[in-house]
Amino acid sequence: MRRVLIGLLTLLMLGCAAPIASAVPSPARTAKIYSIRTTDATKGVITVVGTLSPAPVTGTRIPLHQWIPSLKRWQEVAHGYSSGSSVTITTVQPGSIRTYRIAVGPQAPYTAAISPMISFKHYVWRGMFKKGLKAAGGAGQPQFTVVPPKEGPRRAEADLLANQGGYVWGDVDSTGCRYSRNWLGNLTDGLVRVSLHNGTTALTSVRMQQETETWLNYDVTGVTRLRLQVADVRSGYGPYVSIDSLLLCTN
């Protein structure tokens, strides 16, 4: 009996002396948005280039997430496939100011990784009248007629008319916009002046001869109420100008 007890005690002591196995943490992988930019302001294309280190298996699916404030959650809006340590992702989005991130799932022995968030201002061309006219006016029976949506779905076209010696203007909300691009076609039987205003303060203008076309473009950064105005300079029947106007905006 004594020998049995000594043997059990020896085994117990040896067991206590054995090392305790510990879990080895998986190595980490990092993800980062290297660049994000608008590559087609007409179609609304955003191109994101991301870096992944160490590089995952070539062809790994990498999602692009966008934070949706109204839903208070991240949502996948596009994805790309890794090539070495980089990935390029494109997505078509409306003008916006949104937060983005990229992610990569776990691949042994690495854990999943999510990039730091990045906020991006996405400027896209849209019709000047997409949000309607805030106000319109002038003198000499002014008419500021925006082409109806069925005929002009871009909401960019309008006709501006007034009597001889008169003028016509229209205001739009340009908050979040940084550039105004306007094609002008003068159908007047004479000379007119077309101008852009910050509220009532003139920014730039151009004179147009009878039956001519031209462009009136201007940086409108910081302008929240943009006015486009046509005034008669010298004509027989009054100013008549057709316009196709776009704004570069985040909304």
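Ser180 sits in strand S14, which covers residues 177–186. The model is a predicted one, and in it Ser180 is buried, its relative accessible area coming out at 0%. The side chain of Ser180 makes a polar contact of 2.9 Å with that of Asn182. Leaving aside residues up to four places away in sequence, Ser180 touches Met128, Leu196, Leu216, Asn217, Tyr218, Val220, Leu226, Leu246 and Leu247.

Two arginines turn up over aromatic rings. Arg178 places its charged end over the ring of Tyr123, 4.1 Å from the centre. Arg181, for its part, lies over the face of Trp125, with 4.2 Å to the ring centre.

Then there are the ring-ring pairs. A pair like this is described by how far apart the ring centres are and by the angle of the planes. With centres required to lie within 6.5 Å, the count is three aromatic pairs. One of them brings together Trp67 and Trp74: the centres are 5.5 Å apart and the planes stand at 65 degrees, which is over 60, so the pair is edge-to-face. Trp67 is partly exposed, at 29% relative accessibility.

Phe129 and Phe144 pair up as well, with 5.7 Å between ring centres and 75 degrees between planes, so this one is also edge-to-face. This pair links distant parts of the chain, 15 residues apart: Phe129 belongs to the loop between strand S9 (124–127) and strand S10 (135–139), while Phe144 is in strand S11 (residues 143–146). As for accessibility, Phe129 is buried at a relative accessible area of 1%, and Phe144 is buried at 13%. The cut-off for buried is under 20%, so both values qualify.

Note on methods. Residues are numbered from 1 along each chain as its sequence is written. This is a predicted model: local features need pLDDT of at least 70, side-chain atom pairs count only at pLDDT 80 or more; totals for chains, interfaces and linings use all residues. Side-chain values use heavy atoms; hydrogens and water are left out. Rings of Phe, Tyr and Trp (its six-membered ring) pair if their centres lie within 6.5 Å; planes under 30 degrees apart count as stacked, over 60 as edge-to-face and the rest as tilted. Buried means under 20% relative accessible area, exposed over 50%, partly exposed in between (1.4 Å probe, protein chains only). Helices (H or I, at least four residues) and strands (E, at least two) are DSSP runs, numbered from the N terminus. A charge sits over a ring if NZ of Lys or CZ of Arg is within 6 Å of the ring centre and within 35 degrees of the ring normal. A polar contact is a pair of N or O atoms within 3.5 Å; within protein, one must be able to donate a hydrogen and the other to accept it, and residues adjacent in sequence count only if both atoms are side-chain atoms. Contact means heavy atoms within 4.5 Å.
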